[in-house]
Amino acid sequence: MADIQTISPEVPVELHPRHRSLLPFLGLACGVGVSNIYYNQPLLLEMAHSLHIDHSKMGTVAVATQVGYSIGILAFVPLGDVIERRSLMVRLFAGVAISALLAALAPNLATLLAASIAIGLTAAVTHVVVPIAPDLADDEERGRAIGTVMTGLLLGVLLARSVSGWIASFFGWRSVFIFAALCNAVFVPLMLRKLSKLPPHSPLPYAQALRSLWTLTRTHPLLRESAIIGGLVFAAFSAFWTTLVFLLGSNHYHLGAGTAGSFGILGATGALIAPVAGRVADRRGSRAVVTLGLSLLAIGFCILWMLGYHILGLVLGVIVLDLGAQANQIANQTRIFGLEPGARGRINTIYMMIYFLGGSLGSLLSTMAWSRWGGVCALGLGLLGLAGLRHTTGALASRAVETA
């Protein structure tokens, strides 16, 4: 059995082959966990017909899952710095499985909404898993380890909608949640088998852990910088994906929502850059990778602006956009996880809360940009401009500190 030795701040884990072999496993766990919040999105129309609910009301199911996920990040991820992490992950995977099964059996909208909130809450297990990756690597290998785990997470985000649509087309929407329940249930024994107990680095009371979120935000300028850049990048990224279905349904394409979901498979190519970005961050520093990521994102939006009404231009733009977004994410998480090893769960909580807040803002602004201003690409480039400005001021401040 491939166990991780007990981790402590004083005794770093060495990168034995058995430890490296656990990184893909953790990546798979992240992919399975994060997939749960995206399964319902392609199913809303079918669920509305099945439960005889108005389409507009059924949209609250996707919102409920996202709200539950945000609350789960705030409530459960800091627990990774408070209690033993293996048991926490086992309980959350079991909770997702039970919640998904409840969704599969839901007889009405109220039950489905409750199950969706519970799915979102417990799917936060994803961000309990991610901070374990740097514990399995020396500082010089931290980016590579995070890149390996994030590959699984990114594939889960990008492929969940397509997998959900495929299963539902053959077996109905309830079968998707049964599939999700089985996938998550499998990780209960797998976590117990693969991992030894993982005590927190510096145990502290839960209330104190929550209060320390503000202290960590205030005392770490690099965390604030990374979170702001991450939030702005995800805002730009979400602006495109939110309005892609409008573009494909326009007179230029006359394609449906199913085609938009299939673009997730194309976007999965962006996950290929994750391990590469991690290695570059280890060798040249995370700032260089942030610069690369922002540049690729800007190029992607320029391609979409000029060639987005031609299918090949749209395909190329999506690929470049995803490569840039994933490179930026790897770089940001590589550097924030190097701040305080004993507070990685709470640091990830702060980062991901701002990250998803940015995504929500981008989705909101994109619908306005499409319907009123007609400039989703302009919006994306504007958000990236703000991210680039924050990146530049952060770099200048860092150099000033180094030369002082």
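**Notes on the core, cysteines and salt bridges**

1. The model is predicted: local features require pLDDT of at least 70 and side-chain atom pairs count only at pLDDT 80 or more, whereas totals for chains, interfaces and linings use all residues. Residues are numbered from 1 along each chain as its sequence is written, and side-chain values use heavy atoms, with hydrogens and water left out.

2. The largest nonpolar core holds 121 residues. Such a core is a set of buried Ala, Val, Leu, Ile, Met, Phe, Trp, Tyr and Cys residues joined through side-chain atoms within 4.5 Å. Here buried means under 20% relative accessible area, exposed over 50%, and partly exposed in between, with a 1.4 Å probe and protein chains only. The members touching the most others are M47, M58, M89, L112, M191 and L314. Helix α11, spanning residues 221–248, gives the most to this core, with 14 residues. Helices (H or I, at least four residues) are DSSP runs, numbered from the N terminus.

3. Leaving aside residues up to four places away in sequence, M47 touches N40, M58, V61, L112, W173 and F177. Contact means heavy atoms within 4.5 Å.

4. A search of the whole structure finds 0 disulfides, a disulfide being a pair of cysteine sulfur atoms within 2.5 Å. C30 is buried, with a relative accessible area of 0%, while C183 is partly exposed at 23%.

5. The whole structure has 3 salt bridges, each defined as a side-chain nitrogen of Lys or Arg within 4 Å of a carboxyl oxygen of Asp or Glu. In one of them, D81 pairs with R346, and the closest N and O atoms are 2.9 Å apart. D81 lies in the loop between α4 (55–76) and α5 (85–104), and R346 in helix α16 (residues 344–373), so the pair links distant parts of the chain, 265 residues apart. Both D81 and R346 are buried.

6. E225 and R287 also meet in a salt bridge, at 2.7 Å from N to O. This pair links helix α11, which holds E225, to helix α14 (residues 286–307), which holds R287, across 62 residues. E225 is buried at 3% relative accessibility, whereas R287 is partly exposed at 22%.

7. R335 forms a salt bridge with E225, the closest N and O atoms being 3.5 Å apart. Because R335 lies in helix α15 (residues 311–336) and E225 in helix α11, the pair ties together parts 110 residues apart in sequence. Both R335 and E225 are buried.

Note on methods:
Helix = DSSP H or I, 4+ residues; strand = E, 2+ residues; numbered from the N terminus.
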